Amino acid sequence: MSAWAVPEREPYYLPAGDELAVFQQCHRRGLAVMLKGPTGCGKTRFVEHMAWRLKRPLVTISCHDDLSASDLIGRFLIRHDGTVWQDGPLTRAVREGALCYLDEVVEARQDTMVVLHSLTDHRRFLPIDKTGETVLAAPGFQLIVSYNPGYQRMLKDMKPSTRQRFVGLDFDFPPETQEASIVETEAAADHATAMALVSLGRRLRALGDRGLAEVPSTRLLIAAAGLVASGIGARQACYSAIVSPLSDDESLVGAMRDLVDATFV
């Protein structure tokens, strides 16, 4: 899918509550939305699904420490025939009425966050200081941000004054039956394998209390299920797709491998 295309096919998403209706009303009212939840629980897929449902183009921006305001808004470029202004992805989304999704927004620098403020209230405009232009948000524009509060609480967080500019939607891993259905559908896996992997995932997530920085996401379970569906043995698939990405700590790796072995005897 192009960064600026409306998804042609419906991205698979199973709602866990009223998030579809809340998001649709936020879009209708021009309200910015904040998605909170653990890594790999479906936040990005939800945004893709809503872009398809609303028939709006979607641009996704992965935030990081080096993301500057210019990366979002735009900059002057020097060409052979002179200097020209080039819109950044945020500016283009504002002009074209797209959904603009900032993934892991708290990874961005605080000075970068300031440029979002005028887009998250009744003003709905983006000032471009370098050109003196004020860009009014086109109909359909919506700002969406996401972050993982469990991971960020000891590292970075969003300022309270910024958080209050958003409507919040809380995400978590789906209930066991629903998660198995997602794994089965996404990986084209058999039902028994999907159920076993979800059961394993639940037990591995309990290791978060033992120092596991990130617990296994639904995304990792889907990856393991896909390997099994392609003919890789279940244990090896879990070692490669779940255990190895999660930790290098010998004791934690050993504990996880034991749980894998107990699940797939």
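Buried means under 20% relative accessible area. Keep that in mind for this predicted model.

Q: What makes the rings of Phe 23 and Phe 46 a pair, and of which kind?
A: Ring centres have to lie within 6.5 Å, and planes over 60 degrees apart count as edge-to-face. Here the centres are 5.4 Å apart and the planes sit at 90°, so you get an edge-to-face pair. A search of the whole structure turns up four aromatic pairs.

Q: Which parts of the chain does the pair link?
A: Distant ones: Phe 23 sits in helix α1 (residues 19-29) and Phe 46 in helix α2, 23 residues apart. Both rings also belong to one aromatic cluster, formed by Tyr 13, Phe 23, Phe 46 and Phe 171.

Q: Helix α2 comes up again at the largest pocket; what does α2 give to its lining?
A: Four residues, and that's the most. β5 (99-103), β9 (167-170), α8 (176-187) and α10 (218-229) each supply at least two. The lining has 31 residues, with Gly 40, Cys 41, Gly 42, Lys 43 and Arg 45 nearest the pocket's centre. The volume is about 570 Å³.

Q: How do the lining residues of the largest pocket divide by class?
A: Into 13 nonpolar, seven polar and eleven charged.

Q: What is in the largest nonpolar core?
A: 31 residues, and Leu 90, Cys 100, Leu 102, Phe 141, Leu 143 and Met 158 have the most contacts inside the core. Strand β5 is one of the elements that supply at least two residues of this core. Another core lies apart from it, with 30 residues, including Ala 180 and Ile 222.

Q: Which residues does Phe 141 touch?
A: Leaving out residues up to four places away in sequence, Phe 141 touches Leu 90, Ala 93, Val 94, Gly 97, Ala 98, Cys 100, Leu 119 and Arg 124.

Q: Which residues line the largest cavity?
A: Val 105, Val 106, Ala 108, Gln 110, Met 113, Asp 157, Met 158 and Lys 159. Its volume is about 30 Å³.

Definitions and conventions:
Residues numbered from 1 in each chain as written. Predicted model: local features only at pLDDT ≥ 70, side-chain atom pairs only at ≥ 80, totals over all residues. Heavy atoms only, no water. 1 Å grid on protein atoms, 1.4 Å probe; cavity = no way out; pocket = protein on both sides within 12 Å on 5 of 7 lines; lining within 4 Å. Points joined across faces, edges and corners; volume = space filled by probe spheres on them. Nonpolar A, V, L, I, M, F, W, Y, C, P; charged D, E, K, R; others polar. Core = buried A, V, L, I, M, F, W, Y, C linked by side-chain atoms within 4.5 Å. Buried < 20%, exposed > 50% of the residue type's maximum accessible area, 1.4 Å probe, protein only. Contact = heavy atoms within 4.5 Å. Phe/Tyr/Trp six-rings, centres within 6.5 Å; stacked < 30°, edge-to-face > 60°.
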